[in-house]
Amino acid sequence: MQELRKQGLTRRALLSRAVAAGALAVTGAGFIAAPNGAWAVEVRNVTEQQMATLLQMARDIYPHDRIGDRFYAVAIKGYDSPEQAQMVAAGIEALDAAAREAGFDSYLGAGWEADRVAILRSIEESDFFQTVRGGLVTGLYNQKDVWPIFGYEGESFSQGGYMYRGFDDIDWL
Amino acid sequence: MATAAKFELTDDSVVVIIGTGAGGGVLANELAQKGVKVVALEAGGRYLPEDYINDEWESFGQLAWTDPRTTSGDWRVARDFSGLPAWIVKAVGGTTTHWAGASIRFQEHEWKALTTYGAVEGANLLDWPIDHAEMAPWYEKAEAKLGVTRTGNFPGLPGNNNYKVFEAGAKAVGYSRVSTGHMAINSVDNDERPACQQTGFCFQGCKWGAKWSAAYTDIPKGEATGNLEVRDHAHVARILHNDEGRVTGVEYFDKDGNLQFQAARIVAVAGNTFESPRLLLNSASSMFPDGLANSSGQVGRNYMRHTTGSVYGIFEKPVRMWRGTTMAGIIQDEAHHDPSRGFVGGYELETLSLGIPFMAAFLDPGSWGREFTSALDQYENMAGMWIVGEDMPQETNRVTLSDTVDKFGLKVANVHFSDHPNDVAMRNHAYERGQAIYRAMGATRTLPTPPYPSTHNLGTNRMSERAEDGVVNKWGQTHDIANLFVSDGSQFTTGAAENPTLTIVALAIRQADHIAREMSAGNL
């Protein structure tokens, strides 16, 4: 998790500065963070609101209820760059416009996943959506720390393979 | 290899082989063993078991051919992976580092597809100019070389968890031809390589060397004769010829990017089914304006990729399919020809597994939302199989030169593919059977998964009796140019239902025998 800066912030300090945005805290202080202060992502080139929107988008595109926000945050952190800022701003503007057409204040303002997914479906042909979705395929699923959540064991050669570690241990057939 | 040869660029007595995989790597060693001097030019680098990586994307970055290619046609790969029509390897040893090891012979009738199936509308079917009896001894040599299980004295491999689900399901639906198959994976220590340790990651290069790969068998053995020089990072640009229409050598970019010319007595092209026709087409000259060996107009045509697809099943309890041999077993009950099923030709079902990173990329490319992620959430409880069936050669499925150029300024291959109705009917049949197998074992959900970027790439320089029907004769020698050969899977007249490597190896051993004999006789 080296991409995430651990913040020495108290829960109260965070919450007091937070603007509600789904499960996230958008602090307005140059980073977004978990409400309990467990992790935070610094933003320099995009706004806190934009990063929070990207994070919710990532969750809605590939929702895994046992995978915490911090893994999604790692996957989208790269959009906070001078090269990507314009693409992100324009993409989220279009996303929020689609949300308003669907009767919500913004994408983040839609409380139910099904509503947000419907908004995403309406823009899924856009370059912005496809860029974010495509990036997540490796950005999320190639994080070694998420593999155990799926039960996947990764590298095995250094442990001698599975010859003596259960390659044929299925017991329910 | 202290004894590895070094030949002069001007030495026109050498056989130049382009590519070092199942075709080129084996041909190089077989010729070297017979005392023929060989220069093998390999576009990729040299990696050995200690270099291979048990990590799907990292390994892909190390081994895969990711130079630009373009795609067209209605296959889904052209939409989902437009720059990656194939998942094959750019390295010494070629795709034998990546292959899963399945080593099965063609069925007798598959050498004679046109005769057996009859004309199929829209298909460019043809009989091979060789047959089952002629190939039998070469298959025997290939099986011995590769240490194929259940041939000679090699026992079968043990079945892993994925196989056990597959086998039980096969028997439950009434299949009987199910086993851990014929694999070029050591079931016992052999050829100074250890037995399989059930590590998984067969696609990423076997770190034990238990799976046969030319990279650490035929290549070093050939080099040890003193007759073989392998130049890696050598990207061939063009094959040159003289006024008599005989090839004289090849131009290639060396590891420093400098253009070199290597003279040759014979040139053998073995760059796999995209690069081989690309090279012949890029070698067009005033004498051969349509490309070398292309008087038939068949260079690049009849591209086949096998009718593939996968089926994954999700069960109530864990399977952990990734543990052990990736391709751990085979069902052959649907491999025969039986047009009552609604298609000609047959298909094999073989176990397969992907890790989480590749499962996310390939399960249903482009898909998102809970339908997709709820399947991945059950990864631990998944079993998987792959479909390998005979697809129809079509003249319009072809490799042509793209307007895109590579870093050397050479036009890259455009790969055009659309399914034939026979391919679609076969795939749908296989999807149904695969799902039935898993449902019989209590699967709560089954996933008929689209084909991945192709690993079986066949047919773009096909073998034919008559010069007007194909590119090479029964020896892989081009009809048009006597000292120009094709030595890879692009020779395939038709694809058969079987994984192609064993047949590519058998053809290469046979071709080496022919070339050495013709050289001795002064005919080449």
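The model is predicted; local features need pLDDT of at least 70, side-chain atom pairs count only at pLDDT 80 or more, and totals for chains, interfaces and linings use all residues. Residues are numbered from 1 along each chain as its sequence is written, while chains are lettered from A and ligands numbered from 1 in the order in which they are written. The predictor gives the complex an ipTM of 0.94 and a pTM of 0.95. Confidence per residue is expressed as pLDDT, which runs from 0 to 100. Chain B has a mean pLDDT of 97, and 100% of its residues reach 70 or more.

Chain B holds twelve helices and 17 strands. These are DSSP runs, numbered from the N terminus: helices are H or I with at least four residues, strands are E with at least two. The C-alpha atoms of chain B fill a box of roughly 70 × 50 × 45 Å along the principal axes. Of the 524 residues, 59% count as buried. A residue is buried if 20 or more other C-beta atoms, placed from the backbone, lie within 10 Å of its own; it is exposed if 12 or fewer do, and partly exposed in between. Two residues are in contact if their C-beta atoms, placed from the backbone, lie within 7 Å. Among contacts in chain B between residues at least 6 apart in sequence, 75% join residues at least 24 apart.

An open sheet of chain B has three strands in the order E3-E15-E14, with mixed pairing. E3(B) and E14(B) are the edge strands, each with a single partner, so one side of each lacks a neighbour in the sheet. The twist averages 35° from one strand to the next. Strands pair if DSSP finds at least two bridges between them. E3(B) (residues 70-72) runs parallel to E15(B) over three bridges. Here Thr70(B) has Asn414(B) as its bridge partner, and Ser72(B) stands opposite His416(B). E14(B) (residues 398-405) pairs with E15(B) in the antiparallel sense over five bridges. Leu401(B) stands opposite Ala413(B). The hairpin of these two strands has five residues between them, and Gly409(B) takes a positive phi near 85°. Five of the six residues of E15(B) (residues 411-416) are buried, so this strand is largely enclosed by the rest of the structure. Helix H8(B) (residues 272-282) lies across E14(B) and E15(B), at about 70° to E14(B). Axes are lines fitted to C-alpha atoms, for helices over the stretch in contact, and angles run from 0 to 180 degrees between N-to-C directions.

Another open sheet of chain B has six strands, with antiparallel pairing in the order E4-E11-E12-E13-E10-E16. E12(B) (residues 347-351) and E13(B) (residues 382-389) pair over five bridges. Leu349(B) and Ile387(B) are bridge partners. Helix H6(B) (residues 161-172) lies across E4, E11, E12 and E13 of chain B, at about 65° to E13(B).

The contact between the chains takes 28 residues from chain A and 33 residues from chain B. On the chain A side, the largest share, three residues, comes from H6(A).

Definitions and conventions: pLDDT = per-residue confidence, 0-100.
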